[in-house]
Amino acid sequence: MGRDDEDGIPCLWMRGGTSKGAYLLAVDLPAEPAARDDLLLRLMGSPDGAQIDGIGGADPLTSKVAVLGPSSRPDADVDYLFLQVFVDRPLVSAAQGCGNILAGVGPAAIERGLVATTGAETEVRIHMLNTGEVALARIRTPGGRVSYDGEARIDGVPGTAAPVRLMFTGIEGAMCGALLPTGRAVDELDGIACTLIDNGMPCVILRAADLGVDGTETRAALDGDAALKARLEAIRLEAGPLMGLGDVAAAPVPKMTLVSPPRTGGVVGTRSFIPHRCHATIGVFAAVSVATACTLPGSPAASVAVLPEDEVFAIEHPTGAAEVLIRRDAAGAVIAAGTLRTARKLFDGRVFPRR
């Protein structure tokens with residue numbers, strides 16, 4: 001039974017990784033998806049490019065929602081549904097997960113009493129409802145409380161914070177049914193060599209140079225390149241059915257990711273579109289999918305990547321690099337992936353959707 005009245009709705013507003021969003025309990029929202037989505041649009045202030053009458057930040061990275069509840073499966077501690085609230089369209093999408101907002105789920109679950117602390121560090125098993133997989137998060141909880149202060153630093157976020165270590169297994173084909181939905185490491189779409197891949201996030205990965213850019217352009221420059229964006233969208237629409245996603249014209253997946261040689265000592269350079277605006281950084285699961293693509297011989301990513309000697313893949317993006325941990329078997333196949341993120345509680349109170 002949701003609450004949409006003059007008393008407001010309990011809301012924990014958090015930064016998770018390089019995103020911000022509202023962390024809400026399922027019990028406080030309408031159970032029926034259409035009613036829930038209507039409420040979230042009014043809560044965020046969409047559709048409006050400025051989201052002036054809501055708590056959204058006028059950017060896809062700051063117009064996100066995590067819905068939490070008791071776990072519906074025995075091998076997890078909490079259920080997590082990610083919802084992307086579009087800024088300038090009356091649309092709420094559950095078509096994908098979000099690894100950045102995921103970083104705040106463990107702390108939020110503890111804050112809301114869904115998970116009890118177990119010592120100086122608490123492991124939280126998170127059932128990601130968007131994909132059906134379970135992620136393991138390790139949260140610092142000295143004295144039985146979440147600690148947000150620490151020494152971990154991630155590019156795209158100023159300062160330091162407590163580390164949130166995330167590990168994923170079994171995420172290949174999370175939405176598409178297979179790591180490589182077409183069974184190939186390379187497909188040609190609109191005359192461009194692409195890798196259609198899903199290791200936690202459906203992505204189309206293609207060389208920036210093949211589209212006439214070098215991959216070091218600013219976010220603003222790429223967002224202003226109408227011809228480039230039209231070409232990317234044509235390829236994306238062609239890729240959707242090939243990836244088992246159907247007509248993706250109104251869907252936020254697959255993500256389009258341009259790759260280029262690394263410039264700052266990482267494995268590969270990226271410019272990721274989500275899906276129509278260039279990402280200020282890169283999503284966690286998109287970074288995992290890109291890192292995985294770098295290990296595929298003959299793929300566009302492999303052709304420009306400089307593979308590390310250890311398991312740490314630094315995926316460069318417009319404001320730094322995202323570190324992805326990739327574990328491979330003796331044959332070189334990726335068997336697990338992880339990342340280090342940070343999170344911070346920004347405020348805890350009640351939010352009042354416009355009526």
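Q: How many cavities of 30 Å³ or more does the count come to, and what makes a space a cavity?
A: The count comes to 5 cavities of 30 Å³ or more, where a cavity is a set of points, on a 1 Å grid over the protein atoms alone, at which a 1.4 Å probe fits but cannot get out. This is a predicted model, in which local features need pLDDT of at least 70 and side-chain atom pairs count only at pLDDT 80 or more, while totals for chains, interfaces and linings use all residues. Residues are numbered from 1 along each chain as its sequence is written, and side-chain values use heavy atoms, with hydrogens and water left out.

Q: Which residues line the largest cavity?
A: The lining includes Tyr-80, Cys-98, Met-128, Ile-171 and Phe-285, and lining residues are those with an atom within 4 Å of a point. The volume of the largest cavity is about 70 Å³, a volume being the space filled by probe spheres set on the points, which are joined across faces, edges and corners.

Q: What makes a space a pocket, and how much space lies in the largest pocket?
A: A pocket is an open set with protein on both sides within 12 Å along at least five of seven lines. About 440 Å³ of space lies in the largest pocket. Of its 28 lining residues, the closest to the centre are Pro-60, Gln-84, Phe-86, Ile-274 and Pro-275. Helix H6 gives the most to this lining, with 3 residues, helices being DSSP runs of H or I with at least four residues and strands runs of E with at least two, numbered from the N terminus.

Q: Why does the radius of gyration of the protein chain agree with that of a compact globule?
A: The globule rule is 2.2 Å times the number of residues to the power 0.38, and the radius is taken over C-alpha atoms. With 355 residues the rule gives a value near 20 Å, and the protein chain has 19 Å, which agrees.

Q: What share of the residues is buried?
A: Buried means under 20% relative accessible area, exposed over 50% and partly exposed in between, with a 1.4 Å probe and protein chains only. Buried residues make up 55% of the 355 in the protein chain.
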